[in-house]
Amino acid sequence: MGAIGFDNQIFDSWLNKKSEEILSKVDRATITTEEMLILILKAQTNHFHHMDIEFRDEFKKLDYRDWE
């Protein structure tokens, strides 16, 4: 019925692999601007993941308060 949507698991897998490759060469070679952007993207996705967990916990607290 249409194109397959963007799958986060595919993206996460690719991003994890690329960021590990780049980090493994940081001490022994200069990284390119493109590689730095990939590392920044990895840092942002990590931040979003942690913020998502925190927000969900806060929403659970709010839901619980509504029942009191």
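Let's start on one side of helix α1: Gln9, Ile10, Lys17 and Glu20 are exposed there. Exposed means over 50% relative accessible area, buried means under 20%, and partly exposed lies in between, with a 1.4 Å probe and protein chains only. Helices here are DSSP runs of H or I with at least four residues, strands are runs of E with at least two, and both are numbered from the N terminus.

A word on the source. This is a predicted model, where local features need pLDDT of at least 70, side-chain atom pairs count only at pLDDT 80 or more, and totals for chains, interfaces and linings use all residues. Residues are numbered from 1 along each chain as its sequence is written, and side-chain values use heavy atoms, with hydrogens and water left out.

Now the other side of α1. Leu15, Ser19 and Ile22 are buried in this helix. They share one side of α1, because they cover an arc of only 65° around the axis. That arc is taken from the directions from the helix axis to the C-beta atoms.

How far apart are the end C-alpha atoms of α1? They are 26 Å apart, which agrees with the 26 Å that 18 residues, 8-25, should span at 1.5 Å a residue. The expected span is 1.5 Å times one less than the number of residues.

Next, the whole chain. We have 2 helices and 0 strands. The chain has 68 residues, and buried ones make up 10% of them. Accessible areas come from the Shrake-Rupley method with a 1.4 Å probe; for residues, only the protein chains shown count as cover.

Leu15 sits in helix α1. Its relative accessibility is 1%, so Leu15 counts as buried. What does Leu15 touch, leaving aside residues up to four places away in sequence? The list is Ile38, Leu41, Lys42 and Thr45. Contact here means heavy atoms within 4.5 Å. Look at Leu41: in sequence, Leu15 and Leu41 are 26 residues apart, yet their C-alpha atoms are 8.2 Å apart in space.

On to charges. How many salt bridges does a search of the whole structure find? The count is 4. The criterion is a side-chain nitrogen of Lys or Arg within 4 Å of a carboxyl oxygen of Asp or Glu.

I'll show some of them. In α1, Lys18 and Glu21 are 3 residues apart, so about one helical turn separates them. Lys18 bridges to Glu21, with the closest N and O atoms 3.7 Å apart. Lys18 is partly exposed at 27%, and so is Glu21 at 37%.

Asp52 is partly exposed at 34%, whereas Arg56 is exposed at 52%.

Also in α2, Lys61 and Glu58 are 3 residues apart, about one turn. Their side chains meet in a salt bridge at 3.2 Å, N to O. Lys61 is partly exposed at 41%, and Glu58 is partly exposed at 41%.

Last, the surface. Met36, Leu37 and Ile40 form a nonpolar patch with about 270 Å² of accessible area together. Patch residues have over 30% relative accessible area and no salt bridge; like charges are joined within 9 Å, and nonpolar side chains (Val, Leu, Ile, Met, Phe, Trp, Tyr) within 5 Å. Leu37 belongs to helix α2, residues 33-67. Leu37 is exposed, with a relative accessible area of 52%.
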